[in-house]
There are 2 protein chains.
Amino acid sequence: MDSVLFDPKILENIDFQPAECHYNPPINAINPGEDLVLRPLRISDYDNGFLENLEQLTDVGKVSKEMFEDSFKRMKSSDGLYYVIVIENLVSERVIASATLLIEQKFIHACGLRGRIEDVVVNSSYRGRQLGKLLIDALALLSKQLGCYKVTLDCRDEKRGFYESLGFKKEDGNSNFMQIRFH
Amino acid sequence: MDSVLFDPKILENIDFQPAECHYNPPINAINPGEDLVLRPLRISDYDNGFLENLEQLTDVGKVSKEMFEDSFKRMKSSDGLYYVIVIENLVSERVIASATLLIEQKFIHACGLRGRIEDVVVNSSYRGRQLGKLLIDALALLSKQLGCYKVTLDCRDEKRGFYESLGFKKEDGNSNFMQIRFH
């Protein structure tokens, strides 16, 4: 039986109305475009091009089926912390876009939740079909629905305008993203 | 019985040597200063000033013991995703500093792990004792020990110099932190 990362109803129940103004022609989470479906990651997506598509974003490296399934199960068992969504082409049966929402449990803000959007990628053959926007809107609206007090992301300079058009802001004096890379 | 968020041996086993050059006078994770101990968060820290200290960082709001314990248990059950560390004054038996490391499971970078440092706070009466540095160094070294390919954080402008002194970098063209606040 195919294992799904989270209940598909969670996506179906997103109120997409606040984001509808972003789309021309109109698409949304239920109708992402001809032959396309937006859905939670499944464990069988290892064989459907999920990782190959992710390679268009960054280095994925060699991932065995066992490694993939271990990571999938760890995410699934985390009690609602990971929401990886994919867009599949139903004709080719290939994953052509994906993004992740990570929910962080806090003590601050009355034991609040914070959403983080990560690893957003749309296959280069599908650019211009508003699918990047759709992934971000879906995950930002999902964060809100899950009760997060905010949703955040970090990005390269050339993506700033895109995220600003979807409501993300660099706050004055509080917008520094810093890192140490180990390998 | 008092419940601890993670095995204290994980902290004891951090090789602190790469960070020793940051301290004058010398302190480290095992010897954080007179009357002080660095240790994992315990569920009993609800009664030891953990939340009151966190209020020096940001809004904590009204957190009942039940809310605190629910959040604590969710973190503890997440199989090694949350590392909240505190510094306690053993004489007053109060938490006087804390910080969180969140580990994110990825599919990219060969199903790699990414560390995130969050919610760093040192009680204002204890500033100048190098404790902020100690929290950050401990969590950055812990990230590395846990196998993370990188550790990241976001911060206000006035903290940039501090984090740079500990090895964090704003990468050219890739250092934008953006957010949507819901409430």
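Helices (H or I, at least four residues) and strands (E, at least two) are DSSP runs, counted from the N terminus. With that in hand, you can read chain A of this predicted model as the pattern α-β-α-α-β-β-α-β-α-β-α-β along its sequence. The radius of gyration of chain A is 16 Å, close to the 16 Å that the globule rule gives for 183 residues, so chain A is as compact as a globular protein of that length. Let's walk through the structure topic by topic.

- Chain B can be laid onto chain A by a rotation of 180° with 0.0 Å of shift along the axis, and the RMSD is then 0.0 Å. The two copies are thus related as by a two-fold rotation axis.
- The copies meet through the same surface, because 100% of the interface residues of chain B are also interface residues in chain A.

**Chain A as a whole**

- If you count the elements in chain A, you will find six helices and six strands.
- Along the principal axes, the C-alpha atoms of chain A fill a box of roughly 45 × 40 × 30 Å.
- Of the 183 residues in chain A, 54% are buried.
- Take the contacts in chain A between residues at least 6 apart in sequence: 68% of them join residues at least 24 apart.
- Chain A has an accessible surface of about 8200 Å², and carbon and sulfur atoms account for 47% of that surface.

- S98(B) sits in strand β3, which covers residues 94-105 of chain B. Its relative accessibility is 1%, so S98(B) counts as buried, given that buried means under 20%.
- Leaving out residues up to four places away in sequence, S98(B) touches several others, including F50(B), N53(B), I85(B), D119(B) and L135(B).
- R42(B) belongs to the loop between β1 (36-40) and α2 (50-54) of chain B. At 31% relative accessibility R42(B) is partly exposed, because that class lies between 20% and 50%.
- Beyond its neighbours within four places in sequence, R42(B) is in contact with D2(B), S3(B), V4(B), F68(B), F72(B) and E88(B).
- L135(B), one of the residues that S98(B) touches, is 93 residues from R42(B) in sequence and 17 Å from R42(B) in space, C-alpha to C-alpha.

- In chain A, the peptide bond from N24(A) to P25(A) is cis, with omega near 0°. You can find P25(A) in the loop between α1 (8-12) and β1 (36-40) of chain A.
- In chain B, N24(B) and P25(B) are also joined by a cis peptide bond, with omega about 0°. Here P25(B) is in the loop between α1 (9-12) and β1 of chain B.
- D119(A) is a residue other than glycine with a positive phi, near 55°. This residue, D119(A), is part of strand β4 (residues 113-122) of chain A, and its 16% relative accessibility makes D119(A) buried.
- C111(B), also not a glycine, has a positive phi near 55°. Helix α4 of chain B, residues 108-111, contains C111(B), and a relative accessible area of 12% makes C111(B) buried.

Key
Residues are numbered from 1 along each chain as its sequence is written. Chains are lettered from A and ligands numbered from 1 in the order in which they are written. This is a predicted model: local features need pLDDT of at least 70, side-chain atom pairs count only at pLDDT 80 or more; totals for chains, interfaces and linings use all residues. Side-chain values use heavy atoms; hydrogens and water are left out. Copies are superposed by least squares on the C-alpha atoms of residues with pLDDT of at least 70 in both. Contact means heavy atoms within 4.5 Å. The radius of gyration is taken over C-alpha atoms; the globule rule is 2.2 Å times the number of residues to the power 0.38. Buried means under 20% relative accessible area, exposed over 50%, partly exposed in between (1.4 Å probe, protein chains only). Accessible areas come from the Shrake-Rupley method with a 1.4 Å probe; for residues, only the protein chains shown count as cover.
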